[in-house]
Amino acid sequence: MTKFLFTFFALALLNIQLQAQEMYRVKADRLNVRATAESSSKVIGYVKQGETVPVLDATNAKFYKVKIKSGEGYVSKDFLEKIASQTAAPQNNARPDTTQANSQTTTKTEDIYRVTTDNLRVRDKADPKSKVIGYLPENENVAVIDSTNNSYFKIKVTNGEGYVSKEFLVRVSPVKKAEAPVVAASVPKITKDYSNIILMVVSAVILIAILFFIFKYAKGNGVFISIVTLVVLVMGYFCYITFLKEKTISGQFATTEDVQYQSFDFKSKDLVTVTDVFTGSSFSSKYIIEGDMIKLYDQQNTIMLLIRDENTLIGEGFTRGVFTKK
């Protein structure tokens, strides 16, 4: 009899523990798992996008305690979305009237939009400085409740309501035949600048004129002609690399200063992966180079980096700092 009671209570405790561990899905590309509930804590592992993890403790305002294969750790709550489970069904049934009322009031006004950028920030208010309450992946469909604001749309998400930038949404339904959907650009636009070409043409005309007069009036002095020709060719080469040659950047650049973006990994001609220490994650973005300036978007923010040389980048604005190539 004692053995039977002990087994019964053990199974009951195990059932309570399993119900307490709610499952969440990872929304970031690569979510860091830290040793403690601090953004500066040691990274002990990571979880890939789409994977599910059990949450052991959700009382912290910024970090959730989760269970992974190697043990336990803490992750940023902004990159987790709760998965509906059978244990949560009674809670949904406890408020049938509210759910039905919301569906009745929003079905007439909701429009479906598609997200055109990865990790679109969902904010608590229609303000770029408002608290981030979640993220949306690229190509996710969302219901827009209110589209009257010029900059932000109010949307319906799994855990409530929030606001997102209208620039990163494209309307899906209802689709008007007379209007084609306009997808917001996710990279800065390149402005045409012909000043470098004009300067190169002027420099080339001057150098050709110098060679013409040297060959015409210094026919008998071969050494002088050779030296001047060599100097003109060198000047022409420097004019080419200064005015016409397109600048490129590659490799990973990092800084030790206390800034939001700690490293930039330039993987191809126009794609860079950025590490964001404030959220404990990374994101990929398109970039352009205008003169000596690199420009890329982090949704509503424009990140600018000045190219000092092939091994050093200088951050501007809120990315201020020196980034050195590893």
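**Basis and salt bridges**

A salt bridge is defined as a side-chain nitrogen of Lys or Arg within 4 Å of a carboxyl oxygen of Asp or Glu. The structure holds seven salt bridges. This is a predicted model, in which local features need pLDDT of at least 70, side-chain atom pairs count only at pLDDT 80 or more, and totals for chains, interfaces and linings use all residues. Residues are numbered from 1 along each chain as its sequence is written, and side-chain values use heavy atoms, leaving out hydrogens and water.

**Links between distant strands**

Arg-121 and Asp-276 form a salt bridge at 3.9 Å, N to O. This pair links distant parts of the chain, with Arg-121 in strand S9 and Asp-276 in strand S17, 155 residues apart; strands are DSSP runs (E, at least two residues), numbered from the N terminus. Arg-121 is buried at 9% relative accessibility, as is Asp-276 at 2%; buried means under 20% relative accessible area, exposed over 50%, and partly exposed in between (1.4 Å probe, protein chains only).

A further salt bridge joins Arg-171 and Asp-111 at 3.3 Å, N to O. Arg-171 lies in strand S14 and Asp-111 in strand S8, so this contact ties together parts that are 60 residues apart in sequence. Arg-171 is partly exposed at 32%, whereas Asp-111 is buried at 18%.

**The S5 and S6 hairpin**

Strands S5 (residues 63-68) and S6 (residues 71-76) pair in the antiparallel sense over six bridges; pairing requires at least two DSSP bridges between two strands. A hairpin of two residues joins S5 to S6. Lys-65 and Glu-72 form a salt bridge at 3.3 Å, N to O.

Note on methods. Helix = DSSP H or I, 4+ residues; strand = E, 2+ residues; numbered from the N terminus.
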